[in-house]
Amino acid sequence: MWRRRLSALLPRSPCSSSAPSSYQQQHRHILLPTPNEKPLAPILLRLFTSQAGSDGGRPFIAFILGGPGSGKGTQCSRIASDFGFAHVSAGDLLRNEITSGTDQGELILEIIREGRIVPSEITVELVRKAIESTTAKRVLIDGFPRCEENRVAFEKLTGTEPDLVVFFDCPEDLMVKRLLGRNQGRVDDNIETIKKRLKVFESLNMPVVNYYSSKGKAHRINATGSADEIFEAVRKLFSSLRL
Ligand SMILES: Nc1ncnc2c1ncn2[C@@H]1O[C@H](COP(=O)(O)OP(=O)(O)O)[C@@H](O)[C@H]1O
Ligand SMILES: O=c1ccn([C@@H]2O[C@H](COP(=O)(O)OP(=O)(O)O)[C@@H](O)[C@H]2O)c(=O)[nH]1
Ligand SMILES: [Mg+2]
């Protein structure tokens, strides 16, 4: 099921930026069913949980979403060590392509430098391979899908949907502050690129969160406290899963 041809499956609309409407900007939290830190659909969740991670089938898959600097990577490391998940960071997979100097590395660097979204053909393949090559029964996909086209491409290629989606909700000023203090020498952690990434987040990432919210799969976590405080909410959510 993982080996269908991706180019034939991609939807027509690419992941290009378009400005969010002022309604979307002002009401993005309302688009989520109920802002809370509890599972929105425990019954559905159990249903999916029982289908994943067993008998050589696919692992349990959790998409971890949120704006740049919302703390996805930080919380994923903690979930991985406390709940036995493999941590697949889409951004790290793309950066590995750059550092290993693959054919697509230059294109990826250019796109990341500009805060845009790498074509689905590239990212979905990297994510699929990472999921396939892990022996873990539970996998966190950190920072993917980044747009509706990514989501559709992933779901068609793999024939599967995530079992769980976590959305780290954080105000922009806090995300900017964290990114400017990240100090990892990233080409995209400068104020010009950060502004572009925030626009891309609102216009292209949020529709993915809203899509999964409408299906009762997305769980909003308030990402404003300390990393410890946020992880308390995360721990509650993951403890409630039947893994
Ligand atoms: N709750 C928090 N409070 C303060 N700083 C944080 C918190 N969570 C993460 N950070 C820091 O903010 C920066 C961005 O966090 P990171 O986990 O890389 O976010 P993301 O993967 O969403 O971009 C990092 O330097 C990280 O150490
Ligand atoms: O599925 C993905 C994940 C990342 N990126 C690119 O990689 C950058 C860094 O992503 P990462 O998730 O590492 O950034 P974070 O949100 O964690 O700061 C993004 O801005 C995009 O340019 C992408 O195109 N598709
Ligand atoms: Mg990250």
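Around ligand 1, the shell splits by class into three nonpolar, eight polar and three charged residues (Ala, Val, Leu, Ile, Met, Phe, Trp, Tyr, Cys and Pro count as nonpolar, Asp, Glu, Lys and Arg as charged, and the others, Gly among them, as polar). Heads up that this is a predicted model: local features need pLDDT of at least 70, side-chain atom pairs count only at pLDDT 80 or more, and totals for chains, interfaces and linings use all residues. Residues are numbered from 1 along each chain as its sequence is written, while chains are lettered from A and ligands numbered from 1 in the order in which they are written. Helices (H or I, at least four residues) and strands (E, at least two) are DSSP runs, numbered from the N terminus.

**Ligand 1**

- There are 14 residues around ligand 1, and the closest are Gly 71, Lys 72, Gly 73, Thr 74 and Arg 178 (a residue is near a molecule or strand if its C-beta atom, placed from the backbone, lies within 6 Å of it).
- Helix 3 gives the most, with three residues.

**Ligand 2**

- Ligand 2 is surrounded by 20 residues, with Ala 90, Gly 91, Val 118, Gly 143 and Phe 144 the closest.
- Helix 3 (72–83), helix 4 (90–99) and helix 5 (105–113) are the elements that give two or more residues to this shell.
- The largest share, three residues, comes from helix 4.
- By class, the shell around ligand 2 has eight nonpolar, seven polar and five charged residues.

- Five strands make an open sheet in the order 2-3-1-4-5, with parallel pairing (two strands pair if DSSP finds at least two bridges between them).
- Strand 2 (86–89) and strand 5 (218–222) are the edges, each pairing on one side only.
- From one strand to the next, the twist averages 25 degrees (axes are lines fitted to C-alpha atoms, for helices over the stretch in contact, and angles run from 0 to 180 degrees between N-to-C directions).
- Strand 4 (residues 164–169) pairs with strand 5 in the parallel sense over five bridges, and Phe 167 stands opposite Arg 220 in strand 5.
- Helix 3 packs on the sheet, touching strand 1 (60–66), strand 2, strand 3 (138–142) and strand 4, and its direction makes about 175 degrees with that of strand 3 (two residues are in contact if their C-beta atoms, placed from the backbone, lie within 7 Å).
- Helix 10 (residues 227–239) lies across strand 4 and strand 5, and runs at about 155 degrees to strand 5.

**Helix 4 against helix 5**

- Their axes come within 8 Å and cross at roughly 125 degrees.
- That makes helix 4 oblique to helix 5 (angles under 35 degrees count as roughly parallel, over 145 as roughly antiparallel, 65 to 115 as roughly perpendicular and the rest as oblique).
- Helix 4 supplies Leu 94, Glu 97 and Ile 98 to the contact, and helix 5 supplies Gly 105, Ile 108, Leu 109 and Ile 112.
- The contact residues of this pair divide into five nonpolar, one polar and one charged.

- Most residues other than glycine have a negative phi, and most peptide bonds are trans.
- Phe 144 and Pro 145 are joined by a cis peptide bond, with omega about 0 degrees, and Pro 145 lies in the loop between strand 3 and helix 7 (148–158).
- Asn 183 has a positive phi, near 60 degrees, in a residue other than glycine; its place is in the loop between helix 8 (172–180) and helix 9 (191–214).
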